[in-house]
Structures are given as C-alpha cells and as structure tokens.
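Here are a few quick notes on the pockets, for you to check against the coordinates.

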Amino acid sequence: MTQKELADAVGLPKYGDRTIRRWEKGETAPSGPELNAILDFPETIPFPNNQNGRYRMIDLFAGIGGTRLGFVQTGAVNIVFSDEFNKFSQKTYMANFGDRPYGDITKIDEHSIPDHEILVAGFPCQAFSQAGLKKGFDDTRGTLFFDVARIIKEKRPKVCLMENVKNLLGHDHGNTFATIRKVLEDLDYAVYHKVLAAKDFGVPQHRERIYIVCFDKHQVSNYADFEYPVPPKTPTRLGEILEETVDSKYTISDRLWAGHQRRKHDNAVAGKGFGYSLFTRASPYANTISARYYKDGSEILINQPGNNPRKLTPREAARLQGFPDNFVIPVSDTQAYRQFGNSVCVPVIHAIAEQMIKVLDNNLSD
C-alpha cells in the first residue's frame, strides 16, 4: 500500500498520508484509537481459497471479487484461475483472497486455463452495436464477450454465470442479447436469464442487474431443474448500513452543494428529472451506486440536518453492495468508490450460486 492508501484503509482523516510519514520518521506517534485501527488491520487474508471445494471455478473480469465472494460463501468452490485488468482492483482482490488475477484476458491462451466446472464473468457490454444474428460465434469477435465464449468453447465448464446491466436486454433493439444467447446455445448450453434487484435480497440499494446462467446439456442431465432464487424481499432501511460517526471530509462543500441544487433546478425547468438524490437513515433504500460516484456523489447523498449533505464512506459503499465488514479496502477513497460502483451485489450472487450448486450436486451425469 501507499501511505495514502494505508491512511484511507485505517480511517485517518484528510491528509492522513502526511500523518503516516511523520510516524515513519519518528516525529510523532499514533494516538490510542489510531494505533488500534492499525493493529485491527488484518495481517492475513480474510477469504482464503478452499482447496477442498468440490467444484473448481474460474473468475473472469473479476473486479474486486464480489462474484467470487458470493460463491466462496457457499463453501463449495475452489478457485483455480482469475482475471482482472485494472491494477487497483487487482490490489483489492489480492488483499482479500490472496490471489493476484491475470491481467489482459485478450492475451490469455484458453488452452492454458485450468479445467473447471464453474465459470463466472462480469464482462463489459461494449462494441456490440454491429452484432447481428447471422454469424453466431463470429458476431462476437471484437468484443470482450468473445474472450468468454472462446474459453467456454475450449474448457466446457458445466455451468456459467454472467452478470451485466439490465439494459443489456434492450441494447441494439435486443440484438446484443439475442447474439449472446445464440452463441451460448450454439455451444449446446441451456441458457436462462433473469433481472434481479439488490433491494429484494436485503440490501438497501435499488440495483437491477441481469444474471445469465447456462448449463452444458451434455454434462448436466438435470439442467432443467435450475430455478432462480426467490427474493426474500426483507424490508430494508438505509440506516442499517450507515456508520454512526463519519469524518467531515465526506461532507460536500458549499460550492458543490450549490452546484447540485442549481443543476437540479435547471433540469426541472427543462422537464428533465436529473439531479442529486438525497436520502436519510429512514430511507428504505438508495439509488444504484455507480463507478462515477467518486466525482460528486450526486446519486446518493446523505442528509445531515443543519449541515450540507455528505457522500457515503467507502465502508458504507461496500455495505451497500453486501460486502462484509472484514472485506479489506486497501486503496484510496477514489479507487474504492470506483471499485464498489463497478462491483456486484454479493447477497444476490450468493443466492444464485446456491441454486446453481444445488443442480450440480443432484446431477446424474457424473
């Protein structure tokens, strides 16, 4: 970690990196609470791999490992390969799982990837606008989905899970999703898809995502038994994930607050609904957190009576995605917001993983 990353990770206030430099030089010493925060920082990875997991899994476009964590929580998987291009996400992944993901998926030889039963991938949806329905597999060349497809074609995992934005269904008038489905079906996989919302799985965030599950028909005889999890729809309240004491650095400035209010007013006059969103502890859930949250926090601002609103803290952003509090955040606030905004909702993944593994456990083809 850099001094700045360590300062953020242990909760030091703004310019905490300067404080750490003074500690290192022996000019000052940490206070009791600061020392406790450092000593509480984990020395061992919180989510070690289960080498005895009964199903081998690979984790593509892994991000910070949210999908992996949902499967790890089942106790049934042994992760044998992971891939993530972003160096900051690699750092967070390494701190929590002890594995440094491979870098550029486009340079991975699919033959070199270990055999596995489960493949998960949160591939970006880009460059599909020209995708049609005539060439099948060839229609995905030039997109990152192609790299997932070529690995599936070569390694034949028993089951795959892919997550993407809800709008994937309607992208390019439905041609994008139809092409993805055709590629997978041409590889003899039974394909299921469903849009699920995080707020229906006990997480106070209105985040809808599409989850694509596909089973190899030749290896999984009972693939038709697969069912998506029934959302428990447990009532949620934003206050459940908010911290009691928050550093003043997360309170937005007068200038930024004035800008938010001006833009919202101007958009309202123009008949547009865009603008900041303000929430309280009593709010049932917040908006979807995005990777751009670090810029101004406009989609989720927390009301502070008598003061300007504040942004979520990185730990609150992690909780909003269902990450447990022992998940290590070894990067700056800016990178943390990007990472959690790009991540998956862990409880949703866990619920789907349980359903997938139930099918594999009852598979008669083995």
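1. How do the residues lining the largest pocket divide into nonpolar, polar and charged? They come out as twelve nonpolar, 14 polar and eight charged, with Ala, Val, Leu, Ile, Met, Phe, Trp, Tyr, Cys and Pro taken as nonpolar, Asp, Glu, Lys and Arg as charged, and the others, Gly among them, as polar.

2. Keep in mind that this is a predicted model, where local features need pLDDT of at least 70, side-chain atom pairs count only at pLDDT 80 or more, and totals for chains, interfaces and linings use all residues. Numbering starts from 1 along each chain as its sequence is written, and side-chain values use heavy atoms, with hydrogens and water left out.

3. The largest pocket has a volume of about 790 Å³. A pocket here is an open set of points on a 1 Å grid over the protein atoms alone, where a 1.4 Å probe fits, with protein on both sides within 12 Å along at least five of seven lines; lining residues have an atom within 4 Å of a point. Volume is the space filled by probe spheres set on the points, which are joined across faces, edges and corners.

4. Among the 34 residues lining the largest pocket, Phe61, Glu84, Gly122, Pro124 and Asn342 are the closest to its centre. Five lining residues come from α11, the largest share; helices (H or I, at least four residues) and strands (E, at least two) are DSSP runs, numbered from the N terminus.

5. The second largest pocket holds about 620 Å³ of space. Its lining has 26 residues, and Asp8, Ala9, Val10, Gly11 and Arg315 are the closest to the centre. Here α10 gives the largest share, three residues, and the lining divides into 13 nonpolar, four polar and nine charged.
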